[in-house]
Every structure is written in structure tokens, then in C-alpha cells.
Amino acid sequence: MTGKVYHLTDRNEFKQFLLTNKNFIIKFTATWCGPCKTAKPIIDNYFNQSKQYLDMIIVDVDEGRDLSSYFKVKSIPTMHSFINGEMVESLIGSNKNEILHFFKSTLKKINTNVQRTVSF
């Protein structure tokens, strides 16, 4: 079942997650991050419209230093999308148009017909 939100903190949890979950977004964020706060409602809106196709992992970089290090996160917000267990898209920043492109491109890579069923 897709559309779930997970909170992971270390690379071993992620590796276990990857064994059974193939289509998802991983978002690196922090409670104190201004751009993360700006991006959150935009990301949540697009994710809510994509729930039938994707899950989301949220990593607070303060709590998830191991996983952030594993992904070499240097700036937040950072997002990566995985389709069939492979990373296919990445985004750093909170620009609304770039977030929209990230979601559209991710969904298109799942299936070209998927993009037509989502209304953003």
C-alpha cells in the first residue's frame, strides 16, 4: 500500500525499507529550517495528490545524521525520488516550480499515464 509517511534516522533502517518499498520520496528537513517550512505545504500538497503512487520518508537532519551523511546532504530541504528502488530525481531547495517539476518528473517515470491522473 502506498501513501504512507515514514520517519527514518539511519542507513540500516533505510536499507531495510528499500527491500520492501520501491516507489517513494525521501525528504531531508529540519524544524529550524526556514526554506523547509516554506516548502512543507507545497510538498505536502503534491504528495497528497500522489499518494496512490508513492510513499514518503521524512528525515530530520538533526535526528537522522547517519542517514543524512549516507546521502551526503549538504543543504536542506533536499529530496530524492526512488522508482523501482533506484534514485531517479533529486531536488535541493524550496522553489515551488522546481518542486512541481520534481513531482511531475517522478510520476512520469513511474508510468507515463500516471501524470495525466494527477491534477497539479
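Axes here are lines fitted to C-alpha atoms, for helices over the stretch in contact, and angles run from 0 to 180 degrees between N-to-C directions. Helices (H or I, at least four residues) and strands (E, at least two) are DSSP runs, numbered from the N terminus. This is a predicted model: local features need pLDDT of at least 70, side-chain atom pairs count only at pLDDT 80 or more, and totals for chains, interfaces and linings use all residues. Residues are numbered from 1 along each chain as its sequence is written, and side-chain values use heavy atoms, without hydrogens and water.

**Helix packing**

H2 packs with helix H4 (residues 96-110) at an angle of about 20°, and their axes are 10 Å apart. H2 is therefore roughly parallel to H4 (angles under 35 degrees count as such). H2 supplies Ala 39, Ile 42, Ile 43, Tyr 46, Phe 47 and Ser 50. H4 supplies Lys 96, Ile 99, Leu 100, Phe 103 and Leu 107.

**Largest pocket**

The largest pocket has a volume of about 320 Å³. A pocket is an open set of points on a 1 Å grid over the protein atoms alone, where a 1.4 Å probe fits, with protein on both sides within 12 Å along at least five of seven lines; lining residues have an atom within 4 Å of a point. A volume is the space filled by probe spheres set on the points, which are joined across faces, edges and corners. Of the 20 lining residues, Lys 27, Thr 29, Ala 30, Ile 58 and Asp 60 are the closest to the centre. Strand S2 (24-29), helix H2 (34-50) and strand S3 (55-60) each give at least two residues to this lining. H2 gives the most, with six residues.

**Backbone**

Most residues other than glycine have a negative phi, and most peptide bonds are trans. Lys 72 has a positive phi, near 55°. The peptide bond from Ile 76 to Pro 77 is cis, with omega near 0°. Pro 77 lies in the loop between helix H3 (65-70) and strand S4 (78-83). Lys 72 is in the loop between H3 and S4.

Key. Angles under 35 degrees count as roughly parallel, over 145 as roughly antiparallel, 65 to 115 as roughly perpendicular and the rest as oblique. Contact means heavy atoms within 4.5 Å.
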